[in-house]
Amino acid sequence: MYRSISTLVLLTFAMDALAGDPDAAKSIVVQHCVKCHAVPNYNPEGGPPSVNAPSFTELASDRERYSEDRLRAFLRSPHWPMTQFNLSPTDIDNLVAYIQNLGK
Ligand code: HEC
């Protein structure tokens, strides 16, 4: 009995750690992502039309297309035209949380 309770507590901590912190992603979003993507509050107009990046609102609202797995996989490799960009696993967790939080 005690054992299963402590397992549960540990699991809850582990899940929190995995969830990512949307606030922690803000500086990356403001520094980098807004150059090309429309982001509510920071860059509602979006980047240059020639870049044609999906808005963050779109990424947040279309969960079927932009599933968490897809966002993660995508952010693990740099995307054109932002080629020189390396995100740590924590950055990726935070960014995914940030994007998905916009849809709430
Ligand atoms: C230099 C421009 C540029 C910057 C900076 C940029 N993006 Fe993008 N992004 C794009 C373009 C263009 C696309 C659409 C083309 C594509 O899917 O490759 C895109 C697509 C995406 C997608 C959708 C991928 C999919 O599954 O189709 C995600 C998620 C994304 N960007 C996240 C980010 C995040 C997070 C940042 C900031 C860390 C960022 N982008 C910064 C240009 C940019």
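Which residues in α2 meet which residues in α5? P22, A24, A25, K26, I28 and V29 in α2 meet D91, N94, L95, A97, Y98 and N101 in α5. This is a predicted model: local features need pLDDT of at least 70, side-chain atom pairs count only at pLDDT 80 or more, and totals for chains, interfaces and linings use all residues. Residues are numbered from 1 along each chain as its sequence is written, and side-chain values use heavy atoms, with hydrogens and water left out.

**Overall layout**

- The chain has five helices and zero strands. Helices (H or I, at least four residues) and strands (E, at least two) are DSSP runs, numbered from the N terminus.
- Along the sequence the pattern reads α-α-α-α-α.
- Of the chain's 104 residues, 29% count as buried. Buried means under 20% relative accessible area, exposed over 50%, and partly exposed in between (1.4 Å probe, protein chains only).
- Take the contacts between residues at least 6 apart in sequence: 57% of them join residues at least 24 apart. Contact means heavy atoms within 4.5 Å.

- Helix α5 covers residues 89–102. At 1.5 Å a residue, its 14 residues should span 20 Å, and its end C-alpha atoms are 20 Å apart, which agrees. The expected span is 1.5 Å times one less than the number of residues.
- The buried residues of α5 are I92, D93, N94, L95, V96, A97, Y98, I99 and Q100.
- α2 and α5 pack at an angle of about 100 degrees, with their axes 8 Å apart. That makes α2 roughly perpendicular to α5.
- Axes are lines fitted to C-alpha atoms, for helices over the stretch in contact, and angles run from 0 to 180 degrees between N-to-C directions. Roughly perpendicular covers 65 to 115 degrees.
- A97 lies in α5 and counts as buried, because its relative accessibility is 13%.
- Leaving aside neighbours within four places in sequence, A97 is in contact with A19, G20, D21 and P22.
- A97 and A60 are 37 residues apart along the chain, and their C-alpha atoms are separated by 9.8 Å.

**Nonpolar core**

- The largest nonpolar core has 19 residues. V29, F56, L87 and L95 have the most contacts inside it.
- Two or more residues of this core come from each of α2 (22–31), α3 (56–61), α4 (68–76) and α5. α5 gives the most, with five residues.
- A nonpolar core is a set of buried Ala, Val, Leu, Ile, Met, Phe, Trp, Tyr and Cys residues joined through side-chain atoms within 4.5 Å.
- Beyond its neighbours within four places in sequence, L95 is in contact with A25, I28, V29, C33, L75 and L87.

- L71, R72 and L75 are buried in α4. Seen down the helix axis, the buried residues fall within an arc of 95 degrees, so they line one face of α4. The arc is that of the directions from the helix axis to the C-beta atoms.
- The face turned away from this buried side carries the exposed residues D69 and R76.

- T57 is found in α3 and is partly exposed, with a relative accessible area of 42%. T57 and P44 are 13 residues apart in sequence and 9.7 Å apart in space, C-alpha to C-alpha.
- N41 lies in the loop between α2 and α3. Its phi is near 75 degrees, a positive value in a residue other than glycine. N41 is exposed, at 75% relative accessible area.
- N52 has its place in the loop between α2 and α3. Phi of N52 is near 60 degrees, again positive in a residue other than glycine. N52 is exposed, at 65% relative accessible area.

Methods. Angles under 35 degrees count as roughly parallel, over 145 as roughly antiparallel, 65 to 115 as roughly perpendicular and the rest as oblique.
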